[in-house]
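This briefing sets out the fold and the chain contacts of the structure shown below. The topics are taken in turn, from the overall build to the interfaces.

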Amino acid sequence: MTEKTPVLSVRNLVVEIPTRHGILRPVDNVSYDIHAGEILGVVGESGAGKSMTGNAVVGLLDRPARITSGEILLSGQHIHTLKGEALRRLRGKMMGMIFQDPLTSLNPLLTVGDQLTETIQEHLKVGQTEARNRAIAALEEVGIPAARSRIDSYPHEFSGGMRQRVVIALALCAEPDLVIADEPTTALDVSVQAQIVALLKRLCREKGVAVMLVTHDMGVIAEAADRVAVMYAGRLAELGPVREVLTAAHHPYTAGLMASTPLASQGKERLRQIPGAMPRLGNLPDGCAFHPRCDYAQDRCRANPGPTLDTCDGRAACWFPLNTKQKDEVSA
Amino acid sequence: MADIQQEIRPSRLRRAWDSDLAWSFRHAPVAVVSAFVVLVLVIGAVLAPLIAPHNPFDPATLNLMNGFTPPNQANQFTGDYFILGTDDQGRDVFSTILYGMRISLFVGFAAVLLAMVLGVALGLLAGYLGGWTETIIMRVADVQLTFPAILVAMLIFGIAKGITPPEYRDQMAIWVLILAIGLSDWVQFARVVRGATLVEKNREYVQAARLIGRSPFAIMLRHILPNVLNPVLVIATISLALAIIAEATLSFLGVGAPPTKPSLGTLIRIGQEFMFSGEWWILFFPAATLLALALSINLLGDWLRDALNPRLR
Amino acid sequence: MSAIIKIESLTRVFDVSKPWLNRVIERLPKALLTAVSEVSFEIEENSVYALVGESGSGKSTIGKIVVGLVPPSKGKVEVEGVDLATETDASKIEAVRADIQMIFQDPYASLNPRWRVREIINEPVAAKGGDTTGLAERLLEQVGLSAKDAAKYPHEFSGGQRQRICIARALASGPKIIVCDEPTSALDVSVQAQVLNLMSDLRKDLGLTYLFISHDLTVVHHMADKIGVLYLGRLVEEAPRDRLFDAPKHPYTQMLFDAAPRMDAFGREVEPPKGEIPDAINPPTGCAFHPRCPIAVERCSKERPEMRRIGETRVACHLAE
């Protein structure tokens with residue numbers, strides 16, 4: 001364990017959306033750290049709250065969603081209390097965002113160079129020429145060939161993969177400490193996806209950036225992430241080193257997720273399936289939100305309050321975690 | 001209580017009350033007030049023969065001595081009382097407004113209905129069939145948009161007036177009004193429906209229907225039409241206000257409803273002659289009614305547009 | 001085993017030119033996009049044939065041609081021995097059309113939101129004037145939903161349940177062949193497994209034949225008996241499943257396999273593939289893959305490789321052996 005302050009530290013974060021049918025909690029009591037040079041993968045199904053967590057961290061929650069409790073610390077500094085100008089400056093300086101669709105995250109009316117130099121000058125005290133040189137360097141760094149001649153092109157003149165590289169360059173050009181990548185490869189083809197994943201890993205290692213990689217693709221997580229956070233119905237189901245979580249899951253949901261993914265080594269037999277679907281946020285069951293779909297559910301799982309990482313073994317929010325010694329005792 | 005509600009499927013009325021639209025309506029005071037005003041005015045117009053104290057178009061009941069009675073006063077010669085006063089011929093202004101609204105609302109509704117049927121049908125055809133059908137329909141629409149609606153209406157009105165014999169002219173006037181306003185108004189329906197159809201036609205449920213072997217006509221009518229009705233409803237509401245105003249404008253200009261069957265616009269035209277001679281009420285009350293009617297319908301349309309827009313919810 | 005679908009040198013060209021007036025003013029030539037080019041394959045009865053490829057490979061267009069949503073520009077689609085392009089007997093075409101149904105990618109867009117589930121499922125039969133008594137209820141139970149769901153509207157269901165409804169609709173006319181266009185790519189992993197299992201069960205129970213279109217290699221590996229790999233509208237390799245996954249012969253297939261993220265490849269460091277899919281309007285000369293191919297020789301840029309048979313595999317590459 002390192003004693004260094006984590007780049008991002010989220011503590012008991014709660015995001016609520018008031019609706020006419022009551023208050024929804026798309027993010028419910030979520031805590032995690034990301035250290036410099038580390039990639040934290042956040043996985044979950046649609047509606048599990050994985051994107052909402054990222055948006056809360058960068059302060060991009062759409063009204064009426066709002067943070068109602070918890071803390072977000074960036075390099076030890078509270079940022080969830082910041083508003084307006086202060087938040088905007090900090091966000092640009094210390095955080096970079098990479099979104100799913102590279103086309104909509106670039107301004108189609110400005111050249112790539114304009115957008116890069118603008119961002120650089122906004123956050124770093126450098127002159128016009130220096131900013132342009134840095135922009136070219138940033139494009140070269142993300143692997144855009146002939147960056148010097150392509151810098152004055154418009155976003156539509158780039159292909160999909162190249163555009164996502166530009167977005168990554170844009171996210172990294174102000175030298176942030178934290179990058180939040182929300183489904184950065186979902187819109188891309190397999191071959192380009194591999195390129196982008198490799199790029200993210202290289203940049204993270206070389207620049208010591210902390211990366212939060214939000215995706216639904218377990219394969220991408222396995223290849224890129226150091227640690228993984230599995231979310232279910234707005235809560236953290238499991239959090240731990242990626243190899244351990246994926247090969248020996250403690251939470252039955254993670255285990256089910258792994259078993260239901262077709263594996264090349266598995267052949268054509270029936271897939272293990274998790275019955276049912278994730279409950280809607282307005283209609284969560286008591287206790288552990290996963291218990292109606294869980295093979296191992298017992299009475300304790302149905303009782304409030306439900307399990308959390310803190311009240312369980314620290315790795316999975318489950319009263320009866322799998323693949324542990326305690327579990328063997330219970331079943332014995 | 002809650003348990004009982006879960007077991008019994010709520011009644012149709014209950015479900016309507018619980019729907020998102022009804023909920024949004026209850027929480028929009030402007031919409032509630034507007035709806036109330038429109039409802040009162042429409043009921044007043046529909047029940048005019050029952051409510052109105054006089055029948056202003058029955059010459060037998062008119063007494064010229066009652067002319068120019070101010071509102072809320074007894075006539076100095078006859079002692080008759082009129083809540084909103086009378087005009088130059090002794091007609092009760094309150095009654096003429098009620099009867100006038102009948103004409104205005106009828107023309108408005110009928111014109112919007114005509115524009116809607118025409119616009120939705122042409123929009124669906126243009127959007128779904130594409131190609132030359134689309135080009136021709138949309139170019140005609142573009143050309144029509146370059147003329148102000150009132151001008152188009154006056155043109156149609158002028159032609160119709162020329163070809164109808166004088167003795168039928170008064171009877172024909174209302175139908176010509178409806179035709180004129182309806183024909184000048186179909187373009188926006190057609191444009192919106194075509195746009196929505198272009199989106200819907202590429203959705204997979206339409207492809208599934210094509211796969212099944214449904215005819216284009218059945219697909220347009222059964223699949224696409226119900227899914228493009230929301231924007232049509234909004235435009236229809238706002239068009240209704242515009243149609244009522246267009247009718248009033250035409251009647252004000254003297255090319256609309258005849259004085260024997262006056263609409264609100266005709267009443268305003270009659271009233272403005274007395275504006276500066278002190279008999280303000282003959283103009284004021286019809287004008288205020290027209291304003292209240294058009295404004296309320298417009299506000300209702302604005303609310304409907306927001307309530308039906310999923311992005312604003 | 002007999003082939004239920006025979007596809008011969010299927011080609012589809014789309015006109016993606018700007019409007020006529022723009023072309024005249026800007027002096028542009030007509031832009032033609034060859035989405036599918038000279039594709040031939042056969043699907044055996046009661047088997048799963050998968051088409052894989054990245055965007056622009058033409059896999060969805062082939063599916064739409066097979067079901068008849070898009071007419072081919074050239075080539076032949078023969079279903080149950082009936083050539084759909086040349087057959088003149090309308091009743092024969094009608095009968096064949098009823099034997100092919102389709103499941104779409106987006107379960108949220110493929111059900112009419114204003115219709116009840118019962119009407120949606122019954123439509124294929126009702127449109128032909130058939131008897132629909134109890135049909136929807138029976139099909140709903142067959143796909144793992146409840147008969148009571150027939151009275152509900154699509155918005156009351158989750159994505160996975162909607163895809164089950166889509167499957168029920170596809171089954172309503174009692175088809176023999178179902179074209180599945182990315183049927184699970186809009187679904188979450190845990191739900192994907194349910195739908196894939198259901199599709200496997202239905203195939204066994206009803207003796208269905210699937211043309212399975214997907215970009216997801218793990219799903220294809222799980223479902224398919226035989227796989228065709230497409231690149232820029234052309235079939236580059238075709239082989240039985242195990243043959244293809246054990247010994248891919250075309251460099252593109254190899255690249256695709258290497259690039260796909262794997263759940264057991266923790267922190268894998270591999271050289272990612274080079275380049276991106278080229279513009280389909282102006283494809284490279286010769287073999288379309290040659291600019292990205294690690295083993296390309298001069299011949300590859302000049303001469304288009306023909307499909308060759310090597311054992312059980314058919315491959316379009318000069319160098320494959």
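The points below concern a predicted model, and they are grouped by topic.

**Overall build of chain A**

- Chain A contains twelve helices and ten strands.
- The radius of gyration of chain A is 21 Å, close to the 20 Å that the globule rule gives for 332 residues, so chain A is as compact as a globular protein of that length.
- Along the principal axes, the C-alpha atoms of chain A occupy a box of roughly 70 × 50 × 45 Å.
- Buried residues make up 49% of the 332 residues of chain A.
- Among the contacts in chain A with a separation of 6 or more, 64% join residues 24 or more positions apart.

**The four-stranded sheet of chain A**

- Strands of chain A form an open sheet of four in the order β2-β1-β4-β5, with antiparallel pairing.
- At the edges of this sheet are β2 (22-34) and β5 (77-78) of chain A, each of which pairs on one side only.
- Within the sheet, β1 (residues 8-19) and β4 (residues 66-74) of chain A are joined by seven bridges in the antiparallel sense.
- A:Leu8 has A:Leu74, in β4(A), as its bridge partner.
- Helix α1 (residues 50-58) of chain A lies across β1, β2 and β4 of chain A, and runs at about 110° to β1(A).

**A residue of helix α4 in chain A**

- Helix α4 (residues 128-141) of chain A includes A:Glu140.

**The four-stranded sheet of chain C**

- Chain C has an open sheet of four strands in the order β2-β1-β4-β5, and the pairing is antiparallel.
- The edge strands of this sheet are β2 (32-44) and β5 (82-83) of chain C, each pairing on one side only.
- Five bridges link β1 (residues 3-15) and β4 (residues 74-79) of chain C in the antiparallel sense.
- The bridge partner of C:Ile5 in β4(C) is C:Val79.
- Packed on the sheet is helix α2 (residues 59-67) of chain C, which touches β1, β2 and β4 of chain C and whose direction makes about 115° with that of β1(C).

**Contact between chains A and C**

- The contact involves 35 residues of chain A and 35 residues of chain C.
- On the side of chain A that touches chain C, at least two residues each come from α7 (190-207), α8 (218-224), α9 (242-247) and α10 (252-260) of chain A.
- Helix α7(A) gives the largest share of that side, six residues.
- The side of chain A that touches chain C comprises 16 nonpolar, eleven polar and eight charged residues.

**Contact between chains B and C**

- Here 13 residues of chain B meet 17 residues of chain C.
- On the side of chain B that touches chain C, the elements giving two or more residues are α11 (204-212) and α12 (216-252) of chain B.
- The largest share of this side, seven residues, belongs to α11(B).
- By class, the side of chain B that touches chain C has five nonpolar, four polar and four charged residues.

Key:
Residues are numbered from 1 along each chain as its sequence is written. Chains are lettered from A and ligands numbered from 1 in the order in which they are written. This is a predicted model: local features need pLDDT of at least 70, side-chain atom pairs count only at pLDDT 80 or more; totals for chains, interfaces and linings use all residues. The radius of gyration is taken over C-alpha atoms; the globule rule is 2.2 Å times the number of residues to the power 0.38. A residue is buried if 20 or more other C-beta atoms lie within 10 Å of its own, exposed if 12 or fewer, and partly exposed in between; C-beta atoms are placed from the backbone. Two residues are in contact if their C-beta atoms, placed from the backbone, lie within 7 Å. Ala, Val, Leu, Ile, Met, Phe, Trp, Tyr, Cys and Pro count as nonpolar, Asp, Glu, Lys and Arg as charged, and the others, Gly among them, as polar. Two strands pair if DSSP finds at least two bridges between them. Axes are lines fitted to C-alpha atoms, for helices over the stretch in contact, and angles run from 0 to 180 degrees between N-to-C directions.
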